[in-house]
Amino acid sequence: MLQSTTRTIFNWLTLLCLIASCQDDASIEPVDTFWELSDAVAEGINPDSLDKSMGNAANLSNFYALLVVRNGKLVSERYFKGKNQQSLLHLRSITKNFTSALAGMALEQGHIGHIDTDIQPYFPNELSDGKQSITLAHLLNMSSGWTWSEDDEIVDLIEHRIPNPSSYLLMRELSDAPGTKFNYNSLSPHLVADIISQETGQSFADYADQQLLSTLGISDYSWNKDPEGKVWGGFGLQLRARDLAKFGLLYLNQGVWEGEQLLPKAWVNASAIPQIDVPGSSSQYSNQWWVATNQEPHVFFGVGHG
């Protein structure tokens, strides 16, 4: 299923829907030499369908960039509302997909023993009353069970009204038994980032840069920080669209980057298989990725607010 999934989401149309926008600027000189350029006909894409997609994107009020990659080549690239190749674009919750990749790398490198590892040893003084059974998998699948309303609390996080965000979540009461119910929570991946930092002996920002971003040739980026000076695990990363496409290509190639297995193949496979149902949605969830099984072939994808 993975090959069909990845071909659909990143090979047939690697679609980068990045919040807001609409004046075309396609004449910018390339900012890097990584991408080999091609065209729709050469890569077996219907050019009329591609033109229609670009037109639809241009007519949306909240669209910044649309890149199409097939066979490892950049087939089409358009920017809207004044954005261009150099623009750093807010990924919002697609930041979670990077945190997921880094968790997979930390597991493969032996820093973390298992995805079902209890998080109690990492926060020994803050977990009680049933919360001791929360695992890393629960955090990655939004099923930790904490009482949480994303719509009501996300603004407080973004605007730094919560001085100790990790402790703020850890002290919350449970509303459900861990692992039983999906409840979207942007602080869950922040705890994942804390765990990775504890196990690697590095800040999460340094680990992300050294293990993933630099390897992908991503050097021009920004990452918002929490009130304690740590980059957010659940949001805040800003990338150029071409660099986000590299992340898509990494998953398309089942974790292989320039001939090396950078991300465990098994971790990519797991991301494409639903692990928990999402109430009221046609999609499911798996390790910070959305998975759609209501169409053939199945697809998995990242979503950021806006």
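Two strands are taken to pair if DSSP finds at least two bridges between them. Helices (H or I, at least four residues) and strands (E, at least two) are DSSP runs, numbered from the N terminus. The model is predicted, so local features need pLDDT of at least 70 and side-chain atom pairs count only at pLDDT 80 or more, whereas totals for chains, interfaces and linings use all residues. Residues are numbered from 1 along each chain as its sequence is written, and side-chain values use heavy atoms, with hydrogens and water left out.

The description starts with a sheet. Four strands form an open sheet in the order β9-β10-β11-β12, with antiparallel pairing. Because β9 (276–277) and β12 (299–301) stand at the edges with a single partner strand each, one side of each has no neighbour in the sheet. Strands of a sheet pair through backbone hydrogen bonds, either parallel or antiparallel. Strand β10 (residues 283–286) is joined by 4 bridges to strand β11 (residues 289–292), and the two run antiparallel. Within this pair, Q284 stands opposite V291 in β11.

The loop between β10 and β11 holds N287. Leaving aside residues up to four places away in sequence, N287 touches S100, I115, L140, N141, W267, A270, S271 and Q275, where contact means heavy atoms within 4.5 Å. With Q275, the side chain of N287 makes a side-chain polar contact at 3.5 Å; a polar contact is a pair of N or O atoms within 3.5 Å, and within protein one must be able to donate a hydrogen and the other to accept it, while residues adjacent in sequence count only if both atoms are side-chain atoms. N287 and T99 lie 188 residues apart in sequence and 9.5 Å apart in space, C-alpha to C-alpha.

Another asparagine, N97, belongs to helix α3 (residues 95–108). N97 counts as buried because its relative accessibility is 1%. Its side chain reaches the backbone oxygen of Q288 at 2.9 Å. Not counting residues up to four places away in sequence, N97 touches F247, Y251, Q288, W289 and G302.

Helix α5 (residues 150–158) gives the most to the lining of the largest pocket, with 4 residues.

Definitions and conventions
Buried < 20%, exposed > 50% of the residue type's maximum accessible area, 1.4 Å probe, protein only.
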